[in-house]
Amino acid sequence: SAVSSAASGVALNGAFFLQPLALSTDDLGSETWVECAVRAVGTFEVRSGGAEPQEPTAHCSGQAAVAEASTWRPADTAAAQRRCSSAADRGAFYSGFAATGLQYGPAFRRVEAVWGCGEEVAARLERRAALQGTQVHPAGLDGALQSTALLARGDGSGGETRLPFAVDVACLRGVAAGLLQVAVVAQGAKAADVSLAAGAEGRA
């Protein structure tokens, strides 16, 4: 969940990543479109297509709704950082991704510092100069998800590739700008609860 001090919020429920959107240098000069289609009942679908008439490819689907008041929980990422005093080396953290085939360019290496302690992880993301018209910049959201890798790696230097394939609930309230703090708590072997909060204390 991504949170701030705003009073209202939105929730995405039952989101599934159905198929990656793969682009390569071979696609340069060709036409590719990506759209998010939202239906009146609140379901949404992210899909893509090309210049040739064909059935669009669905990449993600789910349900959007107003977030219920009971959805929101206090987020204290500073406390998570204090509990996780063992800092992982940032270079080794991203080298671990490269070793499993995930190559992050400079724009998506947003994790500035990360700490792990068993089934909990805390991280601090680099500040962004601009959100480019978004509430949460994709690189910031991806940085929060990258932090979950430390649950599998322990010291952040290696381990299995962890990529999300489904999101039970994703909530947004306000703008995630400035200094961003992340708290991750494992929910069994295959799931995690991720909180992304703005401010030095990471409170919402």
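Predicted model: local features only at pLDDT ≥ 70, side-chain atom pairs only at ≥ 80, totals over all residues.
A polar contact is a pair of N or O atoms within 3.5 Å; within protein, one must be able to donate a hydrogen and the other to accept it. The side chains of Glu45 and Arg47 are joined by a polar contact of 3.4 Å.

Start with Glu45. Its place is in strand β4, which covers residues 43-50. Buried means under 20% relative accessible area. Glu45 has 19% relative accessibility, so it counts as buried. What is Glu45 in contact with, leaving aside its neighbours within four places in sequence? The residues are Glu35, Cys36, Ala37, Arg39, Ala58, Cys60 and Ser61.

Now turn to the aromatic rings. A pair of aromatic rings is described by the distance of the centres and the angle of the planes. The structure holds five aromatic pairs. In one of them, the ring centres of Phe93 and Tyr94 are 5.2 Å apart and the planes stand at 85 degrees, so this pair is edge-to-face. Tyr94 also forms an aromatic pair with Phe97. That pair is tilted, with 5.9 Å centre to centre and 40 degrees between the planes. Tyr94 and Phe97 both lie in helix α2, residues 90-99. They are three residues apart, about one turn of the helix. Phe93 and Tyr94 are both buried, and Phe97 is buried too. Ring pairs link Phe93, Tyr94, Phe97 and Tyr104 into a cluster.

Helix α3 comes next. It spans residues 138-146, and its buried residues are Ala139, Gly140, Gly143, Ala144 and Gln146. Seen down the axis of α3, the buried residues fall within an arc of 160 degrees, so they line one face of the helix.

Terms used:
Residues numbered from 1 in each chain as written. Heavy atoms only, no water. Phe/Tyr/Trp six-rings, centres within 6.5 Å; stacked < 30°, edge-to-face > 60°. Buried < 20%, exposed > 50% of the residue type's maximum accessible area, 1.4 Å probe, protein only. Helix = DSSP H or I, 4+ residues; strand = E, 2+ residues; numbered from the N terminus. Arc of directions from axis to C-beta. Contact = heavy atoms within 4.5 Å.
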